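Subject: Structure handover

Hello,

Here is the structure you asked about. Please open it next to this email and follow along. My notes come after it.

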2 protein chains.
Amino acid sequence: MSKIKETSTNFENKIFLNECDQIFAASLIAGQWTLVICCHLTTGKLRFGELKKRIPTITERMLTLQLRKMEEGDLVKRTVYAEVPPRVEYELTKSGQELSPILKQLGEWGKNHRKTRNAEKSCTTHKVLAQ
Amino acid sequence: MSKIKETSTNFENKIFLNECDQIFAASLIAGQWTLVICCHLTTGKLRFGELKKRIPTITERMLTLQLRKMEEGDLVKRTVYAEVPPRVEYELTKSGQELSPILKQLGEWGKNHRKTRNAEKSCTTHKVLAQ
DNA sequence: TATGGTACTATCATAGATGTAAGTAATGAG
DNA sequence: CTCATTACTTACATCTATGATAGTACCATA
């Protein structure tokens, strides 16, 4: 693989294309509740009401909106059973499952980064940080 | 490592703690321009004006705001030189650099996910999607 | 007929993110 | 003295995400 000049249009384009996919991916996990929902679904299918119970602070409206957005983004699959009272199950799609390890890494990074930050802050300013 | 009952509080807590770090990490890369800026800084230091040139569609205001947020989040380091006209350089911190490979993976996932989606859509609905 | 459970939907209100346009400090060049 | 340069800041407008609250369809059950 030959090295591309950093000033070439090609080089800029490569960066830009990469950005695009990253931004596309990031936008799919951007919602305030998306990762929480994702996390709860990693262990298997859950009904709407079960999700609501596990995420007590979410409103039904937001849960609906987020699940729809995630369905739209092909992260979750929604299965409706023609029963009364209604039963709807949500599960991660294949893509959703493939995202999990990356999110896990992101979480690891977050953990370390948070530690590093707090260490540096307390080292330089000797302040205790909330959270 | 013994298996934890899925119904135990401990199990729920483990999920929740993991969530926290992920959400913390996600919030740091959440800005509309954060990843774009990150991307351009992976190749080295850049001045404010250079970043602006490389991201023609960003306004000065947004560039400032995002950079400040990234500085606040310890993703970038800001160096001011006492010159006139002023010179300010931005570069990724160690944490910012460590985030790069994960973002790269995220981009890879995004690329594949986008492909899969389009393939499935065109397969079932035979529609051409405007991206 | 009245009630309950499930998974929503509709409406209104607010907070936060982003965009537009203009202005600023400092100083060297002319 | 005037102007250009750089990295901003300020004020205002708008757009999007989130929140609070109430209402709905369906039918089994009492």
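**Charged pairs inside a chain**

B:Lys111 counts as partly exposed, at 35% relative accessibility. (Buried means under 20% relative accessible area, exposed means over 50%, and partly exposed is in between; the probe is 1.4 Å and protein chains only are used.) Before going on, note that this is a predicted model: local features need pLDDT of at least 70, side-chain atom pairs count only at pLDDT 80 or more, and totals for chains, interfaces and linings use all residues. Residues are numbered from 1 along each chain as its sequence is written, chains are lettered from A and ligands numbered from 1 in the order in which they are written, and side-chain values use heavy atoms, with hydrogens and water left out.

Back to B:Lys111. This residue forms a salt bridge with B:Glu108, with the closest N and O atoms 3.7 Å apart. (A salt bridge is a side-chain nitrogen of Lys or Arg within 4 Å of a carboxyl oxygen of Asp or Glu.) Both residues lie in helix H5 of chain B, three residues apart, or about one turn of the helix. (Helices, H or I with at least four residues, and strands, E with at least two, are DSSP runs numbered from the N terminus.) B:Glu108 is partly exposed too, with a relative accessible area of 40%.

In chain A, A:Lys77 and A:Glu91 meet in a salt bridge at 4.0 Å, N to O. A:Lys77 lies in strand S2 and A:Glu91 in strand S3 (residues 87–92), so the pair ties together parts that are 14 residues apart in sequence. A:Lys77 is partly exposed, at 48% relative accessibility.

There is also a network. Salt bridges link A:Lys45, A:Glu83, A:Arg87 and A:Glu89. Over all chains, the structure holds 20 salt bridges.

**The fold of chain A**

Chain A has five helices and three strands. From the N terminus on, its elements run α-α-β-α-α-β-β-α. Chain A has 131 residues, and 37% of them count as buried. Now take its contacts between residues at least 6 apart in sequence (contact means heavy atoms within 4.5 Å). Of these, 42% join residues at least 24 apart.

**Where the chains meet**

How many residues of chain B are in contact with chain A? The count is 40, and they touch 40 residues of chain A. The two chains bury about 4100 Å² between them, with 61% of it on carbon and sulfur atoms. (Buried area is the accessible area, with a 1.4 Å probe, that two parts lose on being put together, summed over both.) In chain B, the residues that lose the most area to chain A are B:Gln22, B:Phe24 and B:Trp109, together 16% of what that side buries.

Four salt bridges run between chain B and chain A. In one, A:Arg117 meets B:Asp74 at 3.5 Å, N to O. In another, A:Asp74 pairs with B:Arg117, with the closest N and O atoms 3.5 Å apart. A:Asp74 lies in the loop between helix H4 (60–72) and strand S2 (76–81) of chain A and B:Arg117 in helix H5 (residues 94–124) of chain B, so the pair joins two chains. A:Asp74 is buried, at 18%. B:Arg117 is buried as well, at 16%.

**Rings**

A:Arg114 lies over the face of B:Phe24, at 4.4 Å from the ring centre. (A charge sits over a ring if NZ of Lys or CZ of Arg is within 6 Å of the ring centre and within 35 degrees of the ring normal.) A:Arg87 lies over the face of A:Tyr81, at 3.9 Å from the ring centre.

**Backbone points to check**

Most residues other than glycine have a negative phi, and most peptide bonds are trans. B:Asp74 lies in the loop between helix H4 (60–72) and S2 of chain B, and counts as buried at 19% relative accessibility.

A cis peptide bond joins A:Val84 and A:Pro85, with omega about -5°. A:Pro85 is found in the loop between S2 and S3 of chain A. In chain B, a cis peptide bond joins B:Val84 and B:Pro85, with omega about -5°.

Best wishes
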